[in-house]
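Colleague: Please take a close look at the region where the chains meet. Then set it against the rest of each chain.

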Amino acid sequence: MRLSRAVLFLALAWGACPNVATAQIYIGRSVPHAGTVEVSGGGTFSGGYDLGSISADETRNTGTGSGPFVLFTATSRTKPALGLQGRLGVFVAQSASLEAGIQLARPILSSLLSGDAESAPDVTATETLTRLVVDGSLVLHLSGLSFAGGKGVPFVLGGGGYIRELHEKNEVIETGREYHAGAGLHLWFGQGKHRLGLRTDVGVSVRNGGADFSETKHTIPTAGISLAYLF
Amino acid sequence: MRATEAPSNRVRATETHGRTRKKRFATIVLTVALAGAASVPASAYLKLGTRIGTRTVTLKWSQMPIRYYVTDRGTTGVTSTQLQQAVSRSFSSWEAVPSAITSSEFAGFTLANPSPGDGATVIGFQNRPELDRTLGATSFMVDTTTGAILEADIFFNSAFPWSVAAQGEANTFDLESIALHEIGHLHGLAHSALGETELRSGGRRVIAAEAVMFPIAYATGNISGRTLKADDIAGIGDIYPAASFTRDTGSISGKVTKGGKGVLGAHVVAFDMRTKTLVGGFSLSDDGSFVIAGLDPGPHIVRVEPLDDGDVESFFDLTLDIDINFRPQFYDKIVVVPRGGGTSGVELKVVAK
C-alpha cells in the first residue's frame, strides 16, 4: 500500500537521521480521525436574562377599586456570569466529534422590590446561585474552511444539557434543561498527532427550569475560551 | 371573631378569645400565641395559645373528629338547614388542606344556643344587636393543664342580614365566608394580619386581604372569603400537621431588631416568588424572633411592617408592648426555603418612623 510504504520510509529516514528530523509534522493517518480525543478546559460566559415582574397581590374588597391590591412588585433578573468549563470530545469521523462538557458558574439572582403599598424603600434583594451545566454536543469540524496551514479550524456545534442550580447555602437544588447551538474556532499550535491549541466558541442556549421561577424559556448568549489538547 | 367595618375607637376582634372557662384550674385569659419563648414553635399567622406556668401552649383539639351541633334556628333568608350546610362546607374546606389532618362530624340539630360550658360544641345564630360590629364569634372551653380544646361555640349575629346564595347576594353577608373564618378559630387559629384597611367615617374598612383569618370581613355580597389562602393553609398545617407538612414545606426564621433591640409584634411576610403567595407571621418574643412555617420550598421575598395602630387589639393582648413605631422594609436577600427544613438567621433591621 502506498501510504504504508511512505510511513515506513519516513520512519526509517527518521531513525537513520535523528539529528536532522525534528518531526514537527505528523504524517500518517490524518489527524484528527475517528477515535481521536480532545480535552479542553477554560472559562465560560453566560448571559443574563430577565425573569419578569411579579406582584404580591391581595384580594380586593368590593368597592375599593379594580383588580388585585398590589402590596409590592418584584422585578427579577439573573445576571451574566463568568465560569469555568471542561470538555471531553471523541471524534467519530474526521470532521465530527461527540463532546461532553461541564460548566460551573455563580450567577447572581437579583430582584428589585418596588412599589410598596406602605412606602417601604425600594431594595434590590439578591442571591448567588451555583450553576452546574452538564451537556452533550455534536461538533462538526469544518476542515474545508481551515486556514493558517490547517492550524485554524472552524466548527459548529449543537446539543442539549442538564442544569443543576443550587441556591445559597446549597440546601435547595433546582434542575432544568438547556439546548444550545453555536460556532467556534480551534487554533492549533502545531499539526502533530498530539496538539495543543486554543478553542473559542460563541452560541446561544435556550434554557428552562433551574432556579428560574418565571417558568418560561430563556435564550441567552454564551461564549467560551479554553486550552485544548488533541491526542 | 369576624368584624364588619370596625369602629376605629374600639377594635375588639379578640374579645371572645378571652372568654375562656376553666376546666379544672383557674380561669386564664386566652391570648394569641406568644410562643416564641416557649416550647411550642411560633409560626406563620397566629395560633391561639395559653400559658401553663412559664410555657405557652398552642390550643388545639386533641381528638378528632370534632363533633358539633347546629342550633335549630334560622334567620331571615337562611334556614337552619342552610346554616348547617354552610357550616359543613366550611369544615370541609379546612379538612381539604392536604398538609393538615382534621376532621369533623355533624352530631345533629339542637335547641341549645352556642354557649360555652355545656360540654357541647354548638354553632348557631344568635341575635346580638348590642354587638353592632360583630358578625360572629368563637368561644372556647379548654383544659388549662394541656391546652386541649374541649368545646368551642360559634355564634353568627342574626342582627345582620345573611345569605347563602351561591354567588352572594347584595346587602347581605356571606354566611359561608364568615363560617370559614370562625371555624378557623374553632380549630385554634387566631387572626392573620395579611390585609390592608383604611379609616373611614365611623370605622375601619378592609381594602384587601389575603387570608380568611383576617379579622375584618369583606363587604356584603362578596364571597371571596370562601376560599382558603396560603396563609390559612400554612396555619392549619402547623397546628394539625400531616406528614407532608414537615416533609414538603419549610420555614424562615430570624429576628426583627431596631437599634439593636428586638421588636415585639412586627408583622413579617414571606412572598413565594414561584407561587406568588403570601404567608405572614409575627415576631413573638422580646428579642424579636420570628418563625414562618408551612412555606413551599423555593425563593421568597421577606418584608416586615408594623401592625396598623388601630389593629393591635385584633392580634395581641394590649398588656404587651407591641412596637408599631417603625417603617416597613424589605430584607435585602432573597431567602430560599428548603423542603423539609428551615432557613434561619434572617435579621430585619428596622428604623423608627
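Modeller: Terms first: helices (H or I, at least four residues) and strands (E, at least two) are DSSP runs, numbered from the N terminus. By that count chain B has 4 helices and 22 strands. This is a predicted model, in which local features need pLDDT of at least 70, side-chain atom pairs count only at pLDDT 80 or more, and totals for chains, interfaces and linings use all residues. Residues are numbered from 1 along each chain as its sequence is written, while chains are lettered from A and ligands numbered from 1 in the order in which they are written.

Now the interface. Two residues are in contact if their C-beta atoms, placed from the backbone, lie within 7 Å. On that basis, 30 residues of chain A meet 35 residues of chain B. On the chain B side, the elements that give two or more residues are β12 (195-200), β13 (203-209), β19 (298-305) and β20 (329-330). β19(B) gives the most, with 5 residues. For residue classes, Ala, Val, Leu, Ile, Met, Phe, Trp, Tyr, Cys and Pro count as nonpolar, Asp, Glu, Lys and Arg as charged, and the others, Gly among them, as polar. The side of chain B that touches chain A holds 19 nonpolar, 7 polar and 9 charged residues.

A sheet runs across this interface. Two strands pair if DSSP finds at least two bridges between them. Strand β2 (residues 49-60) of chain A and β13(B) run antiparallel and are joined by 2 bridges. Here Thr59(A) stands opposite Ala209(B). The sheet is open and has 6 strands, in the order β7(A)-β6(A)-β3(A)-β2(A)-β13(B)-β12(B), with antiparallel pairing. At its edges stand β7 (123-128) of chain A and β12 of chain B; each has a single partner strand, so one side of each is left without a neighbour in the sheet. From one strand to the next, the twist averages 25°. Axes are lines fitted to C-alpha atoms, for helices over the stretch in contact, and angles run from 0 to 180 degrees between N-to-C directions.

On the chain B end of the sheet, 6 bridges join β12(B) to β13(B), again antiparallel. In that pair, Glu196(B) faces Ala208(B) of β13(B).

A residue is buried if 20 or more other C-beta atoms lie within 10 Å of its own, exposed if 12 or fewer, and partly exposed in between, with C-beta atoms placed from the backbone. Gly67(A) counts as exposed because it has 8 C-beta neighbours inside 10 Å. Gly67(A) and Leu230(A) are 62 Å apart, C-alpha to C-alpha, and 163 residues apart in sequence.

Next, the rest of chain A. Its secondary structure comes to 1 helix and 12 strands. A second sheet in chain A has 8 strands that close into a barrel, β1-β4-β5-β8-β9-β10-β11-β12, with antiparallel pairing. Strand β1 (residues 37-46) and strand β12 (residues 218-230) of chain A share 9 bridges and run antiparallel. Phe45(A) has Ala223(A) as its bridge partner in β12(A). Of the 231 residues in chain A, 31% are buried.

Chain B has 353 residues, and 58% of them count as buried. Helix α3 (residues 230-239) of chain B has 10 of its 10 residues buried, so it is largely enclosed by the rest of the structure. Among the elements that cover it are α1 (80-95), α2 (175-187) and β18 (289-295) of chain B.

Two of these covering helices also pack on each other. α1(B) and α2(B) have axes 9 Å apart and an angle of about 55°.
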